[in-house]
Amino acid sequence: MPMSDKILVRVQSAEGIKRIEISPKSNLKQLYDSVQTTLRVDGFGLFKDRTFLTELHANGSQLVGTTLKHGDMIYLKQMAGTSTRRTSTTVLENPAFSKAVSIDDHSNSSSSAARPSQEVVEDAVDQLLAKADGSIKRERDTKLCHHNANGRCVHCSALEPYDESYLKEHNIKHLSFHSYIRKQTSGMSQGKYFVFDDINCRIRPGCREHPPWPKGICSKCQPSAITLNRQTYRHVDNVMFENTKIVERFLNYWRTTGHQRMGYLYGTYEQHTDVPLGIRARVAAIYEPPQESSRDSLNILPDEGSADVEAVAAALGLKKIGWIFTDLITADATVGTVKQIRGIDTHFLTAQECITAGELQNRHPNPCKYATNGVFGSKFVTICVTGDQTKQVHMEGYAVSAQCMALVRDNCLLPTKDAPELGYVRESTDKQYVPDVFYKEKDQYGNEVQRLGRPLPVEYLLVDVPASTPLQPQYTFTKYDQRQPFPVENRYIDGHLQDFNALSNYLSAWGDEEFLEAISDFHLLIFLYKMDMLPLRQHMAPLMEAVRTKNPNQAAEFKGTEVWKLLESLIQASSGSTGGTTNYSSDIGPTANAGGSSGSEAMDLDANTWTCNHCTFINRGELTSCEICSLPR
């Protein structure tokens with residue numbers, strides 16, 4: 001090959017020397033491309049000397065032949081903290097790429113370069129509290145204050161929202177999240193900003209100074225060891241169920257079957273005035289996803305209709321704010337007592353429940369403008385319904401710490417087999433490096449010692465969140481003082497099934513003037529939204545708005561629409577027949593008999609029949625389960 005066509009350049013890196021042939025008429029940017037392709041590296045710079053002082057800057061104007069000659073040696077250096085080579089390409093200027101890199105950035109808590117992001121859209125309650133003064137007002141003390149009414153002294157001046165004496169006096173165990181932010185930013189000089197760094201338990205990708213794990217690791221890519229600290233703040237300071245009927249309706253399943261139950265909490269976040277700059281989660285409804293349960297176990301199944309539930313909740317101004325589960329065993333059915341299973345002598349949450357809570361909190365992160373990646377922690381709460389010391393049913397609220405969320409997200413935490421109160425930090429394997437996780441406790445001599453988290457008491461991962469109901473009940477949905485409520489979804493037991501019979505019986509019990517109250521039921525609206533037999537989904541926006549604003553006139557307008565009149569005619573025909581849903585099935589036509597008999601084999605619609613809510617097959621009246629799908633009636 002003629003020397004004028006190509007020259008040979010040697011590239012020395014940590015992995016040895018490679019030879020690259022390149023045309024002297026190529027520019028330095030093309031040289032960088034050739035090195036990247038040949039050595040399969042990323043995030044590097046090229047230098048003419050071993051001391052890495054004279055860098056060959058990648059640009060399209062300078063030619064290789066003007067800088068290098070045949071046989072020259074150049075030196076490759078990995079650039080720490082970069083994920084792409086240092087060129088003037090558009091990759092470095094991509095904001096989305098820069099944001100992704102900052103997720104694993106180990107910057108200091110106070111940095112002059114890290115400013116609160118104005119692009120993050122925080123929750124409405126966070127925006128409200130960020131603008132609030134937050135100081136704790138105090139009245140003039142008649143004994144200690146010797147100034148006039150307009151004066152202030154140390155005995156009556158306003159306190160900061162994180163004042164320790166005030167919190168201790170009012171028995172507030174944790175700072176509110178916004179009080180914690182105020183505390184961290186109070187002593188900072190101008191030009192410095194507080195930043196929440198993402199806790200990283202994974203090897204930092206892209207390090208080329210050594211072979212990948214398990215063959216090599218260095219201080220640049222190795223995650224730091226974690227020492228668990230009890231979290232001093234919480235994102236939600238109180239969980240308030242609007243009324244006791246919400247929880248009673250949820251507990252009816254356990255009272256009927258004796259099996260445990262789980263549900264998602266839907267509601268809103270609002271300011272909690274009992275805690276300085278506090279946030280309260282207000283629960284308006286509980287949605288129960290598909291699940292399998294027994295007296296001692298609970299298995300959550302995939303929910304194909306979750307998107308529909310989220311759509312209905314959003315239209316009503318609600319969002320998923322937590323989850324609730326039961327752990328109840330009857331002690332004496334005659335007096336209604338339950339066993340106390342959880343407490344300070346046993347456990348508050350099991351390790352498996354902490355892992356589940358961490359997974360759910362990771363799915364619902366808290367938008368935060370002070371976080372390097374735009375989110376930090378979570379407002380998602382955990383409610384456990386169990387027995388207390390008096391053997392009565394009560395609720396306990398929790399959240400897991402940001403450290404627990406990181407351990408769960410990076411698959412570092414496991415439950416133990418025989419001790420529910422203990423978790424176990426994974427050991428490193430060839431496929432995954434796991435950093436050491438420590439916690440501190442006092443030994444038998446009262447000395448504070450550091451322990452490795454194998455096993456790990458899960459109490460270090462928990463934050464208490466009080467749960468309560470108000471003295472004056474509040475109602476986003478129907479009160480149900482006298483009438484029977486609409487059945488709850490995914491309860492496959494007699495008397496709790498959601499089907500057209502249940503819809504017909506429910507709506508028939510309400511008068512025309514009570515339409516808004518009748519339709520104001522979260523479970524009913526989800527059932528109507530998911531109905532495939534009638535095109536209600538596309539027409540329900542005005543109805544949702546009427547329920548959200550409690551507007552009876554708007555609800556009456558929807559009641560007069562053609563689609564609702566069609567549903568009413570089906571309900572009327574169904575109520576007047578002996579078979580419950582006979583005329584309803586015949587109006588739907590061939591869909592109601594999909595997958596069933598042919599026309600000559602069809603059953604007499606005047607006979608006692610019922611329509612399967614799952615596959616729409618028309619079954620004989622004496623059957624308790626569907627002939628086609630075998631699901632219960």
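Modeller: Two strands pair if DSSP finds at least two bridges between them. Helices (H or I, at least four residues) and strands (E, at least two) are themselves DSSP runs, numbered from the N terminus. This is a predicted model, in which local features need pLDDT of at least 70 and side-chain atom pairs count only at pLDDT 80 or more, while totals for chains, interfaces and linings use all residues. Residues are numbered from 1 along each chain as its sequence is written, and side-chain values use heavy atoms, with hydrogens and water left out.

Colleague: In which sense do E10 and strand E12 pair?

Modeller: Strands of a sheet pair through backbone hydrogen bonds, either parallel or antiparallel. Here E10 and E12 (residues 278-287) run parallel, over four bridges. Phe241 has Val283 of E12 as its bridge partner. Both strands belong to an open sheet of eight, ordered E25-E19-E18-E15-E11-E12-E10-E26, with mixed pairing. Strand E25 (462-464) and strand E26 (467-468) are at its edges; each has a single partner strand, so one side of each lacks a neighbour in the sheet.

Colleague: Where is confidence lowest, and where highest?

Modeller: pLDDT is the predictor's confidence in each residue, from 0 to 100. The protein averages 81, with 86% of its residues at 70 or more. Helix H2 (residues 95-101) has the lowest confidence, a mean of 29, and strand E10 (residues 238-241) the highest, at 96. pLDDT is below 50 over residues 80-114, although the model gives this stretch 58 contacts (heavy atoms within 4.5 Å) beyond near neighbours in sequence.

Colleague: Which residues have the most contacts inside the largest nonpolar core?

Modeller: Such a core is a set of buried Ala, Val, Leu, Ile, Met, Phe, Trp, Tyr and Cys residues joined through side-chain atoms within 4.5 Å. Buried means under 20% relative accessible area, exposed over 50%, partly exposed in between (1.4 Å probe, protein chains only). The largest core has 77 residues, and Leu503, Ile519, Phe522 and Leu528 have the most contacts inside it. Helix H12 (residues 522-530) contributes the most, seven residues. The core lies between domain 2 (227-468) and domain 3 (500-575), because both give residues to it; these bounds come from an automatic or database domain assignment. Beyond four places in sequence, Ile519 touches Leu524, Leu525, Leu528, Leu543, Val547 and Trp564.

Colleague: Is Asn490 buried or exposed?

Modeller: Asn490 counts as buried, at 19% relative accessibility. Its phi is near 60°, a positive value in a residue other than glycine. Asn490 sits in the loop between E26 and helix H10 (500-508). Lys391 also has a positive phi, near 65°, but is partly exposed at 44%.
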